[in-house]
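Open the model in your viewer and keep the sequence panel beside it. The stops below say what to select and what is found there.

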Amino acid sequence: MGQIYEKVHIGDNDIDDLEMQVVRYKPEGLDTLCKNTKFTRKELQIMYRGFKQECPTGIVNEETFKEIYAQFFPQGDASAYAHYVFNTFDHDHNGSISFEEFVMGLSVLSRGTFQERLQWAFSLYDVNGDGVITKDEMLDIVSAIYEMMGRYTEPSIDDTTAREHVERVFQKMDVNQDGVISVEEFMDTCRKDENITKGMSIFDTVL
């Protein structure tokens with residue numbers, strides 16, 4: 001790290017983006033992360049070591065994230081789904097995930113309360129972040145999940161199946177029939193009907 005700082009101070013023009021990212025990247029104190037996540041200090045240290053090994057710059061871009069996902073779902077194409085999950089993890093939407101963002105997302109998915117995980121799932125489905133889920137957004141995510149699970153699932157899944165599935169779920173969730181699903185409608189339906197939660201593969205996200 002010393003050399004990188006030196007280069008920056010000298011004012012060389014040959015600093016590439018990678019080095020600049022390393023300079024900019026400062027992990028928050030582990031104590032703060034302990035408070036803000038459901039992980040212990042020891043767990044965070046282990047995760048940070050692994051994270052740094054995979055991503056020496058301390059940040060993950062979308063391509064790397066997709067590669068990680070591809071390893072978990074060799075039977076299908078996970079890139080579309082990984083794109084949406086990446087967006088949900090990338091809180092400040094700067095195109096990369098820091099260790100803090102990674103751990104916060106992981107904390108919700110692996111140890112969050114049902115309420116917290118539903119909130120996360122809502123963010124995933126609310127692709128443009130405007131606070132409601134449209135039928136198109138739901139279709140995008142469900143299609144991405146089908147692609148990731150592979151075309152060889154039983155019974156076989158195709159675009160028509162995805163559309164019908166979304167049609168059914170959307171009707172149930174859009175309680176006031178205004179053509180969009182609010183966060184309240186989403187939460188209420190998922191709480192009342194666990195088949196919906198299962199059917200939407202809300203918690204099948206693995207990392």
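How are H6 and H8 oriented to each other: parallel, perpendicular or oblique? Keep in mind during the whole tour that this is a predicted model.

**Stop 1**

Select helix H6, residues 79-89, and helix H8, residues 114-125. Their axes come within 9 Å, and the crossing angle is roughly 120 degrees. Angles of 65 to 115 degrees count as roughly perpendicular and those over 145 as roughly antiparallel, so H6 and H8 are oblique to each other. The handedness of the H6 and H8 crossing is right-handed.

Now select helix H4 (41-54) and helix H7 (99-111). Here the axes cross at roughly 125 degrees and come within 11 Å. H4 is therefore oblique to H7. The crossing of H4 and H7 is right-handed.

**Stop 2: helix H9**

Select residues 135-149, which form helix H9. From its first C-alpha to its last, this helix of 15 residues reaches 21 Å, close to the 21 Å expected at 1.5 Å a residue. Colour the buried residues of H9: Glu 137, Met 138, Leu 139, Ile 141, Val 142, Ala 144, Ile 145, Tyr 146 and Met 148.

Then pick out Lys 135, which is also in helix H9. Is Lys 135 buried or partly exposed? Its relative accessibility is 30%, so Lys 135 counts as partly exposed.

Step past the end of the helix to Gly 150, which follows H9. Its phi is positive, near 100 degrees.

**Stop 3: the largest nonpolar core**

Which residues of the largest nonpolar core touch the most other members? Show the side chains of Tyr 69, Tyr 81, Met 138 and Phe 186, which hold that place among the 48 residues of the core. H9 gives the most, with 8 residues. As background, nonpolar side chains tend to be buried together in soluble globular proteins.

Stay with Phe 186, which is found in helix H11. At 0% relative accessibility, Phe 186 counts as buried. Select Phe 122 as well: Phe 186 and Phe 122 are 64 residues apart in sequence, while their C-alpha atoms are 7.2 Å apart in space.

**Stop 4**

Go to Val 166 in helix H10. Val 166 has a relative accessible area of 2% and is buried. Asp 136 is 30 residues away from Val 166 in sequence, and the distance from C-alpha to C-alpha is 9.1 Å.

Next select Phe 102, which lies in helix H7. Is Phe 102 buried or exposed? Its relative accessible area is 18%, and the cut-off for buried is under 20%, so Phe 102 is buried. Between Phe 102 and Ile 59 there are 9.1 Å in space, C-alpha to C-alpha, and they are 43 residues apart in sequence.

**Stop 5: two loop residues with positive phi**

Most residues other than glycine have a negative phi. Select His 93, in the loop between H6 and strand S2 (96-98). His 93 is not a glycine, yet its phi is positive, about 50 degrees. With a relative accessible area of 58%, His 93 is exposed.

Move on to Gln 177, in the loop between H10 and strand S4 (181-182). The phi of Gln 177 is also a positive value, near 55 degrees, in a residue other than glycine. Gln 177 is exposed, and its relative accessible area is 52%.

**Stop 6: the annotated spans**

Which residues does the UniProt annotation "domain: EF-hand" cover? According to that unreviewed entry, the annotation covers residues 77-112, 113-148 and 161-196. Select residues 77-112: the span is 67% helix and 8% strand, with its end C-alpha atoms 27 Å apart. Then select residues 161-196, where the chain is 72% helix and 6% strand. The end C-alpha atoms of residues 161-196 lie 16 Å apart.

Terms used:
Residues numbered from 1 in each chain as written. Predicted model: local features only at pLDDT ≥ 70, side-chain atom pairs only at ≥ 80, totals over all residues. Heavy atoms only, no water. Helix = DSSP H or I, 4+ residues; strand = E, 2+ residues; numbered from the N terminus. Expected span 1.5 Å × (residues − 1). Buried < 20%, exposed > 50% of the residue type's maximum accessible area, 1.4 Å probe, protein only. Core = buried A, V, L, I, M, F, W, Y, C linked by side-chain atoms within 4.5 Å. UniProt positions renumbered as here; feature names shortened; annotations may be inferred. Axes fitted to C-alpha atoms, helices over the stretch in contact; angles between N-to-C directions. Parallel < 35°, antiparallel > 145°, perpendicular 65-115°, else oblique. Left-handed = near helix turned anticlockwise from the far one by under 90°.
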